[in-house]
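Please find below a set of numbered remarks on the model under review.

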Amino acid sequence: MKRRMICLLLALAALTGLLVPAYAAGEPAGSPEAAAEAPDSSPDPAPPEEPAGPSGWQKEDGKWYWYENGEKLTAQWITDGSSTYYVDSAGVMRTGWFTVDGVYYYASKSGTLQTGWLKSGRSWYYLDPETGAMAEDGIYAIGGKEYLFAASGAMRTGWISLGGGDYRYADKSGALIRDAWIKSGKSWYYLQADGLMARDGTFSVDGKEYLFTASGAMRTGWISLGGGDYRYADKSGALIRDAWIKSGGKSYYLKSDGLMARSEAVDRYWVNGSGAWVGTWNSECGMYDHTTVYVSNAGKIHRTSDCSGMKHWSSMTLARALSRGYKLCQKCF
Ligand SMILES: [Zn+2]
């Protein structure tokens, strides 16, 4: 039975040998014999190359390698279909973070090179959409917005120190802020048109003036400039000029230069050394109504206590004396 089978196989082999072209019958591809036997006029049947070894991905000891005709490729990019891969100097397909010529790249678990935004660990990274190169150590314009990446490639959010007291600010999405207000902690801060935080001075925003401390916090309320000088910013932080304000139940005036008026007249009004309004000019009497006057027993209002040799008098403000119906001394007024 076994012998009959072998005979059948031999017969079959002989028959096949008659039907197939000679070059396919075991001749080494490209050998002089094979070339000589190929008719010149026939369409070149491109003798299939003897497979020299595997091509494509091969898994060895849990690692993937890329072969081309049995040759393991090393330290190069591999394009397979629409995906790009990298094999290192040992030929191992890389996954996760890896560097090529000092540039960082990231490949998925399956080895495909990643591009665009990538969250890795707690941080966001940006991989060039063309090359996959990681953005690092600088500001990059992406989709019409600006983002700042640390030397490690991690996208920054919140306050970013540029050194020398200069700061920029990126919102939660990482977009750097320009020309806006932001609230951080309990304070408001202003990012100027160039993106730098305003600090240590007054800055104009939309026609209004705001004052920021050295740390960049916007001031509100009274702001001491030293030497008894004050400015005042309302709740929005806008510095007040040329206007009366109420503060602690008293009235104060901010002059055209923004400084609080003190110990001086503002139109018909007098403000004291603390800046509080204390009196109004009484044109009939020729004095401010908060001025101290002297009232004699006879109910006359005197400018001085020694008018007509008064022996008994009481002092009060002009406004109070007038409100009591006392009359002006003809000698004094
Ligand atoms: Zn008098």
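1. Ala154 counts as partly exposed, because it has 18 C-beta neighbours inside 10 Å. On this scale a residue is buried with 20 or more other C-beta atoms within 10 Å of its own, exposed with 12 or fewer, and partly exposed in between, the C-beta atoms being placed from the backbone. The structure is a predicted model, in which local features need pLDDT of at least 70 and side-chain atom pairs count only at pLDDT 80 or more, while totals for chains, interfaces and linings use all residues. Residue numbers start from 1 along each chain as its sequence is written.

2. The loop that holds Ala154 runs between strand S11 (145-149) and strand S12 (158-163). Strands (E, at least two residues) and helices (H or I, at least four) are DSSP runs, numbered from the N terminus. Which residues does Ala154 contact, leaving aside its neighbours within four places in sequence? They are Ser123, Tyr125 and Phe149, a contact being two C-beta atoms, placed from the backbone, that lie within 7 Å.

3. Gly121 is 33 residues from Ala154 along the chain, and their C-alpha atoms are separated by 9.8 Å. Gly121 takes a positive phi near 65° in the hairpin of S8 and S9, which has 2 residues between the strands. S8 (residues 116-120) and S9 (residues 123-127) run antiparallel and are joined by 5 bridges; pairing requires that DSSP finds at least two bridges between two strands. Within this pair, Gly116 stands opposite Leu127 in S9.

4. A separate remark concerns the open sheet of 3 strands, ordered S1-S2-S3 with antiparallel pairing. Strand S1 (56-60) and strand S3 (71-72) are at its edges with a single partner strand each, so one side of each has no neighbour in the sheet. S2 (residues 63-68) pairs with S3 in the antiparallel sense over 2 bridges, and Tyr67 stands opposite Lys72 in S3.

5. Another open sheet has 4 strands in the order S28-S26-S27-S29, with mixed pairing. Its edges are strand S28 (313-317) and strand S29 (327-328); each has a single partner strand, so one side of each is left without a neighbour in the sheet. S27 (residues 300-302) and S29 pair in the parallel sense over 2 bridges, with Leu328 in S29 as the bridge partner of Ile301.

6. For the protein chain as a whole, the model has 3 helices and 29 strands. Of its 333 residues, 17% count as buried. Among contacts with a separation of 6 or more, 26% involve residues 24 or more positions apart.
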